[in-house]
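Please examine the sequence and the three-dimensional structure shown below. The paragraphs that follow lead through the packing of helices, the surface, the charged pairs and the backbone.

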Amino acid sequence: MRWESQLVLLTLAGGLPALVLATLYLAHAVADPSLRGLIVAAMWLAWLVCAGVAVERAVRPMQTLSNMVAAIREGDTSIRARGADPEGALGLALWEVNALTESVRRQRLGAIAATALLRRVMDSVDVAVFGFDPERRLRLVNGEGERLLGKPSERLLGLEAQWLGLGACLEGDTPRLADLRLAGATGRWELRRGQYIQDGRPHELVFLSDVSRALREEERQAWQRLIRVLSHEINNSLAPIQSIAGSLRTLLGREEGAAAPASEVKDALEIIETRSRSLARFMHAYARLARLPKPTLGAVDAGAWVRRVAALETRLAVEVVGGPDVTLQADGDQLEQLLINLVRNAADAALETHGRVWLEWALAGDLFELRVLDEGPGVADTANLFVPFFTTKPAGTGIGLALSRQIAEAHGGTLALENRGADAATKRRPGCTAIVRLPVGGSASGARLY
């Protein structure tokens, strides 16, 4: 039985006993049948009217509350209930519903403002944003995404990812670089993914950031730097060779066939030979840096590796302080070349100040950390430390540190140099520290400088 029917029956049953008793009493108290019938009819009519009014007063507020809740559910927050009074039970219910409606209205306005702000931000960034439902149909796209696909959102929403050329973006690991052909143009984008919930269902967010322009700019700058270095080194060798060649031609072309002094010819040929050897050494160094192969991983005993390289330096005694027993998964030949370069640089610096060189290592979680310390003058130009072919040594090639860092990064590690102050407690003088960090388990990435 419905609530309204129960309410009608309870209301009628509440007044029925009194009405029956009154009718019985009038049957004995009023002798005139006409008057008695009129009074009884009036009582029964009043009883039915009052019961109907009571039911109406109870049902109508419930209907009002139902209508307001339905309006709130449908998003209409403009309706308010009359008769809201916190002092009464029914008035309190109406008052609370009015308060709920106002709260929902404010939240909805805030959500609209936040959505507008989010939309404005999404349209202002240079990252294409796409949202796909579980059926891989496009449900969200920003301005950059429209530009990338070459169509307005009205013509894009509801289309499948595969049809849009974005099917591959919903598969595989991220972040990663992806080569995509969109709107007739091919480019390289950085791909990232995320998730959001809409209508109770998980949706996939796809972020595409165009890195082609940045890569081209970096490539252009790299070529410019390389050309400047090559031009500088080649011109430094060719200019004196050209000058000496002209002088030799002058000597050989003297009048009357006079023989050129042997000493002058010998000196000129020595200069040509020296500059040619320097140019050949430079080109060989560049070829080594450009052709560094991907590491071939194997078991490398850290202690044996460090002690073996330390023993190769004969100009001064390199002290091996030591560290824990560690076995690395790395390319032993490449790590040896890395450490040879660092030890040689440390020895060069220490010889200037008659200082010491020592090596120590430790474990920091899953990272192996090797330190090459010297008591030299320190590093003066830190900005150009790892710039290929930059050197402060008269006979240096400028690739030692660049090659060492390339080897470390190819193993998933890092190389850093930092100046060190004096330590009064250990009586150590200032100098420089080279810090090599490598993953113990190995993480070769094959990184290249060029």
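Helices (H or I, at least four residues) and strands (E, at least two) are DSSP runs, numbered from the N terminus. The model is predicted: local features need pLDDT of at least 70 and side-chain atom pairs count only at pLDDT 80 or more, while totals for chains, interfaces and linings use all residues. Residues are numbered from 1 along each chain as its sequence is written, and side-chain values use heavy atoms, with hydrogens and water left out.

Two packed helices are described by the angle between their axes and the distance between the axes. Axes are lines fitted to C-alpha atoms, for helices over the stretch in contact, and angles run from 0 to 180 degrees between N-to-C directions. Helix α2 (residues 33-74) and helix α3 (residues 89-124) have axes that come within 11 Å and cross at roughly 10 degrees. That makes α2 roughly parallel to α3, a term for angles under 35 degrees. In their contact (heavy atoms within 4.5 Å), α2 contributes P61, M62, L65, M68 and I72, and α3 contributes residues including L90, L94, V97 and R108. The residues of this contact divide into 11 nonpolar, 2 polar and 1 charged; Ala, Val, Leu, Ile, Met, Phe, Trp, Tyr, Cys and Pro count as nonpolar, Asp, Glu, Lys and Arg as charged, and the others, Gly among them, as polar.

Attention now turns to charged pairs. The structure holds 20 salt bridges, each a side-chain nitrogen of Lys or Arg within 4 Å of a carboxyl oxygen of Asp or Glu. One of them joins R201 to E135, with the closest N and O atoms 2.7 Å apart. This pair links distant parts of the chain, 66 residues apart: R201 is in strand β5 (residues 201-210), and E135 is in the loop between β1 (127-132) and β2 (138-141).

R136 is placed in the loop between β1 and β2, and its phi is near 65 degrees, a positive value in a residue other than glycine. The peptide bond from T174 to P175 is cis, with omega near 0 degrees. P175 lies in the loop between α6 (161-164) and β3 (176-182).

Key
Parallel < 35°, antiparallel > 145°, perpendicular 65-115°, else oblique.
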